[in-house]
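Subject: Structure handover

Hi,

Here is the structure I promised to pass on.

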Amino acid sequence: MAFLEVENMSLEFGGVKACQNVNFSLEPGILYGLIGPNGAGKSTIFNVLTGIYAPTRGDVRLGGESLVGKKPFEIAQKGIGRTFQNIRLFKELTVLENVMTSFYSSSHTTLADMVFQTKKFSSEEDEIRVKSLELLDVMGIKDLSDVPAGGLPYGKQRKLEIARALGLNPKLLLLDEPAAGLNPAETRELTNLIRDIQKARNITVLLIEHDMGLVMNICEKIYVLVQGQLVCEGVADVIQNDKRVIEAYLGVD
Ligand code: ADP
Ligand code: MG
């Protein structure tokens with residue numbers, strides 16, 4: 001049994017078949033790529049995996065347990081963290097507070113502990129602060145911890161979103177175009193960082209990325225989605241030489 005399994009998954013929006021009979025599985029500790037032209041359904045797959053949309057048909061299982069019908073926060077607690085194609089941060093909160101919020105969702109503190117500011121609450125808060133600062137350090141933005149998130153340059157907001165996703169201590173991390181809007185040097189730096197984190201924490205990462213060369217470089221296995229259907233999977237060599245992939249990207253008949 002694979003760690004994450006997607007079985008015969010379809011999702012339709014009105015007449016639009018965003019995902020059609022998608023089947024794939026992910027093994028622990030591997031860095032996967034998910035590529036495909038615009039509108040192929042890549043972000044929709046992430047939205048299904050994280051409970052934002054329920055599939056029209058089919059199943060998604062994590063460790064053998066179906067995630068269909070579960071709420072996004074429940075799925076996050078079960079160990080799937082993500083970032084969004086369009087950055088979603090709490091813009092008025094500081095960089096540090098943004099990361100701390102994700103730790104609270106898995107904390108054992110009760111509302112009463114918070115209201116009465118019990119010892120348990122303050123010692124847990126200290127611990128969360130330390131762990132959050134560690135994550136900001138890993139992402140190279142610790143010096144900005146007191147700045148409001150909305151005031152960060154774009155590339156650093158992308159890094160903060162990854163730090164916040166890591167605060168959930170995910171087993172599976174879904175990154176939706178984390179390098180979108182970055183220049184080539186920033187893109188290379190961020191991608192290397194993603195690979196280093198994936199290896200150091202031995203987590204599974206599924207990365208949506210436009211830059212084919214970059215995906216080929218760092219991903220151990222790549223899935224190609226075209227018009228809602230998975231058309232090819234394999235290592236970089238296989239993908240690069242696949243007729244359907246070349247057609248999808250070059251538009252040849
Ligand atoms: P990708 O991330 O590969 O660019 P998306 O998953 O965003 O593609 O979109 C796949 C298809 O599903 C597109 O045709 C898109 O317009 C459609 N789609 C995505 N989300 C919605 C939605 N909430 N309502 C209606 N159509 C949607
Ligand atoms: Mg997308």
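Predicted model: local features only at pLDDT ≥ 70, side-chain atom pairs only at ≥ 80, totals over all residues.

Leaving out neighbours within four places in sequence, threonine 204 has contacts (heavy atoms within 4.5 Å) with Phe3, Leu26, Glu27, Pro28, Gly29, Ile30, Tyr32, Lys171, Leu172 and Leu173. Its side chain also gets to the backbone oxygen of glutamate 27, at 3.2 Å. Threonine 204 sits in strand β8, residues 204-208 (helices are DSSP runs of H or I with at least four residues, strands runs of E with at least two, numbered from the N terminus). With a relative accessible area of 1%, threonine 204 is buried (buried is under 20%, exposed over 50%, partly exposed in between, using a 1.4 Å probe and protein chains only).

Residues are numbered from 1 along each chain as its sequence is written, chains are lettered from A and ligands numbered from 1 in the order written, and side-chain values use heavy atoms, without hydrogens and water.

Next, the salt bridges (a side-chain nitrogen of Lys or Arg within 4 Å of a carboxyl oxygen of Asp or Glu). The structure has 13 of them. One pairs glutamate 12 with arginine 57, at 2.8 Å from N to O. That pair ties together distant parts of the chain, 45 residues apart: glutamate 12 is in strand β1 (residues 4-13) and arginine 57 in strand β4 (residues 57-62). Glutamate 12 is partly exposed at 29% relative accessible area, and arginine 57 is partly exposed too, at 44%.

Glutamate 247 and lysine 243 make another salt bridge, with their closest N and O atoms 3.5 Å apart. Both are in helix α10 (residues 243-250), four residues apart, or about one turn of the helix. Glutamate 247 is partly exposed at 25%, whereas lysine 243 is exposed at 64%. Salt bridges with shared partners also join Glu5, Glu7, Asp59 and Arg61 into one network.

Last, the helices. How do α6 and α7 cross? The axes of α6 (residues 154-166) and α7 (residues 184-201) come within 12 Å and cross at roughly 10° (axes are lines fitted to C-alpha atoms, for helices over the stretch in contact, with angles from 0 to 180 degrees between N-to-C directions). Lys159, Ile162 and Leu166 of α6 meet a set of α7 residues that includes Leu193 and Ile197.

Cheers

Conventions. Polar contact = N/O pair within 3.5 Å; in protein donor to acceptor, adjacent residues only side chain to side chain.
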